[in-house]
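Please look over the structure below with this briefing beside it. The notes are meant for someone meeting it for the first time.

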Amino acid sequence: MCKQCKGNYYITTPIYYPSSNLHIGHAYCTVATDAMARYKRLQGYNVKFLTGTDEHGQKIEDKAKEAGLTPQQFVDNIVLGERGVLDLWKLMNISYDRFIRTTDDYHVAAIQKIFKKMYDNGDIYKGAYRGKYCKPCESFWTESQLKDGKCPDCGREVMDAEEEAYFFRLSKYADRIQDLLENTDFLEPRSRVNEMVNNFIKPGLEDLCVSRTSFTWGVPVDFDPGHVVYVWIDALFNYMTALGFENDKYDDLKDFWPADVHFVGKEIVRFHSIIWPAMLMSLDLPLPKKVYGHGWLNFNGEKMSKSRGNVVDPYLLSERFGVDALRFFLLRTFPFGSDGNFTNELLINTINVDLANVLGNLVSRTTAMNQKYFGGVLAEGGEAAELDNELKALAEDVVANYEKQMDKFQFSNALAEVFRLLDRANKYIDETTPWILAKSEDTKPRLNTVMKNLCEAIRISAILICPFMPDSSKAILDLLQVAEADRVWDARNYRVDTAWTTSTGAALFPRIDMEKELAALEELSKPAKPAIEIEPYSEEKVDFDTFCKSDFRAVKVKDCKNVKKSDKLLQFTLDDGTGVDRQILSGIAKFYKPEELIGKTLVA
Ligand code: MSP
């Protein structure tokens, strides 16, 4: 730990399945983790923020096959490709310190050692697995755990599974886990504890199947060829291998383990609060200090999922509203521990009310008045009136409450506190009526004090919103020309004696026309139509005359790519000998990969 740091802080997000592009529901947890990491850094902690991708498992193997790619090519596309996972985190301004991919060599080798250690200590043994398997969730279930015969997590069909497999002695740890959940703050919110204890521990924890032989895309069990390690062992230990556990790639374990908190979605709380601590107990390792199970975002009342076609695209939303507004909306609107319902109306309304009317308006009114009445320069000194003291007291109360709420991961409450201060500052303008004070030279000193109080309330608010809207916070502090030393957490005290020089700028958050924007969003969410309609492939034979009238040419494929949102069409750029490139679409995407066709001579 560095000398001037307050301490180390290790926070993680779940590592994402790169099975298809991420939606706004996935971004929710990462934005929350980012806000927390930025808050801790602001306070002076030495933060390690880990995220990454969980790249093994049957689902990925199957999807890669469907796409005609190797599993590694498939995951590389989704993680590294255009608009992939890394691009998304860049767009959303996610300040992660480390990114792990479970296909990284150091992680794979570490997982093999970890598996062997649990085998050697007797906690992993060989048996036969008979039961049910949910492929999309990569979860094994016993009959009694199924809900109406279906997967209790996602409600989908499960399949029979029987194979030779290794098991982890989860049952051995049942009492210790129950004690951990019931008698400590390990798992929050508290409601999730009852869920875990009543649904999983009390009915009897069974040993867990931890290897598979029916597919190969996983970490091989090195002492028993044919077996691959169960994807959740591979996934959960990422939190430690990314710090250097059982590998030489990193050396951060002593500084950052145990983790301060794992943020996870509610459906994977079971893995993090039962299986994860049990495996750590098996290896005699310290447990993370906390697991926080956040709620799910639905869209218009329905589950967000690509297959339902209601995915909320973070790229589209960021382009239209700005990344900060989107980040703000996610954390201001939905209490972190509960489910929330995302609608476009709610998003636009939040931007208009909170950001345009309250925050944006306060900043633009204050800076415009500073300019108009003082040329942007406020003198130091001045006496505080009762109204000023009230504003100051409220600001101090807001800072204290904000900190309490942030420390409990109650982001929406923390932001509500900031808006208490912003609302009060807007009201302070109406109460002090600067435009009347400006009318006489006698009241100019009072006006100077009023404007300084407004600047100070804005400065403090800008520090508090920094973890949520880093760019907007900076823009506001730049307008107020706040020195670097006065932008930090330790400068959160309300001070009115200082001088100010402020600038003016364009509106930070322009108001959005709700009706027009909703119509535009609806239009944009319709599936894209191909530029050229093509005839469906037909078995029908053509007669000789039609054949004679047809123009067949040898063409060279200069470029070929998939058509967005179509699994049938390829778009070709062809050299047909005329000297002008020709564009055509062809419905052969199911049979050929575009890269196989580039450079080939075809008949068109
Ligand atoms: N790979 C596992 C996690 C392994 S961690 C050791 C996984 N991946 S996931 O991509 O399916 O989900 C990643 C996270 O996104 C989970 O925490 C999940 O809860 C979250 N969400 C997915 N859809 C969501 C919403 N609609 N709303 C909120 N969170 C959502 O699970």
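The points that follow take up helices, strands, cysteines and salt bridges in turn. Everything said here concerns a predicted model, in which a search of the whole structure finds 37 salt bridges and zero disulfides.

- Helix α3, which spans residues 71–80, has P71, F74, V75, I78 and V79 as its buried residues. When the helix is seen down its axis, these buried residues fall within an arc of 120 degrees, so they line one face of α3.

**Strand β11 and its partners**

- Strand β11, made of residues 261–265, is mostly covered, with five of its five residues buried. From this strand V261, F263 and G265 point one way, while H262 and V264 point the other way, and all of them are buried.
- Strand β1 (residues 8–12) is joined to β11 by two bridges, and the two strands run parallel; in this pairing, T12 has H262 of β11 as its bridge partner.
- Strand β12 (residues 291–294) is also parallel to β11 and is joined to it by four bridges, with H262 standing opposite V291 of β12. Between β11 and β12 the chain crosses through helix α11 (residues 269–282), and this β-α-β crossover is right-handed.

**A three-stranded open sheet**

- Three strands form an open sheet in the order β14-β13-β15, and the pairing within this sheet is mixed. The edge strands are β14 (302–303) and β15 (340–342), each of which pairs on one side only.
- Strand β13, which covers residues 297–299, runs parallel to β15 and is joined to it by three bridges; the bridge partner of L297 in β15 is G340.

**Cysteines**

- With a relative accessibility of 22%, C466 counts as partly exposed.

**Salt bridges**

- D354 and R332 form a salt bridge in which the closest N and O atoms are 2.6 Å apart. This pair links distant parts of the chain, since D354 belongs to helix α14 (residues 344–374) and R332 to helix α13 (residues 323–333), 22 residues apart. D354 counts as buried, at 10% relative accessibility.
- K392 and E396 meet through their side chains in a salt bridge, at 3.7 Å from N to O. Because these residues are four apart in helix α15 (residues 386–407), K392 and E396 are separated by about one helical turn. An α-helix has 3.6 residues a turn, so residues three or four places apart point the same way. K392 counts as partly exposed at 29% relative accessibility, and E396 is also partly exposed, with a relative accessible area of 40%.
- D490 forms a salt bridge with R492, where the closest N and O atoms are 3.8 Å apart. In this pair D490 counts as exposed at 58% relative accessibility, whereas R492, at 23%, counts as partly exposed.
- Salt bridges also link residues in a network, whose members are E390, R424, K427 and E431.

Note on methods
Residues are numbered from 1 along each chain as its sequence is written. This is a predicted model: local features need pLDDT of at least 70, side-chain atom pairs count only at pLDDT 80 or more; totals for chains, interfaces and linings use all residues. Side-chain values use heavy atoms; hydrogens and water are left out. Buried means under 20% relative accessible area, exposed over 50%, partly exposed in between (1.4 Å probe, protein chains only). The arc is that of the directions from the helix axis to the C-beta atoms. A disulfide is a pair of cysteine sulfur atoms within 2.5 Å. Two strands pair if DSSP finds at least two bridges between them. A crossover is right-handed if, with the strands pointing away from the viewer, the path from the first strand over the helix to the second runs clockwise. A salt bridge is a side-chain nitrogen of Lys or Arg within 4 Å of a carboxyl oxygen of Asp or Glu.
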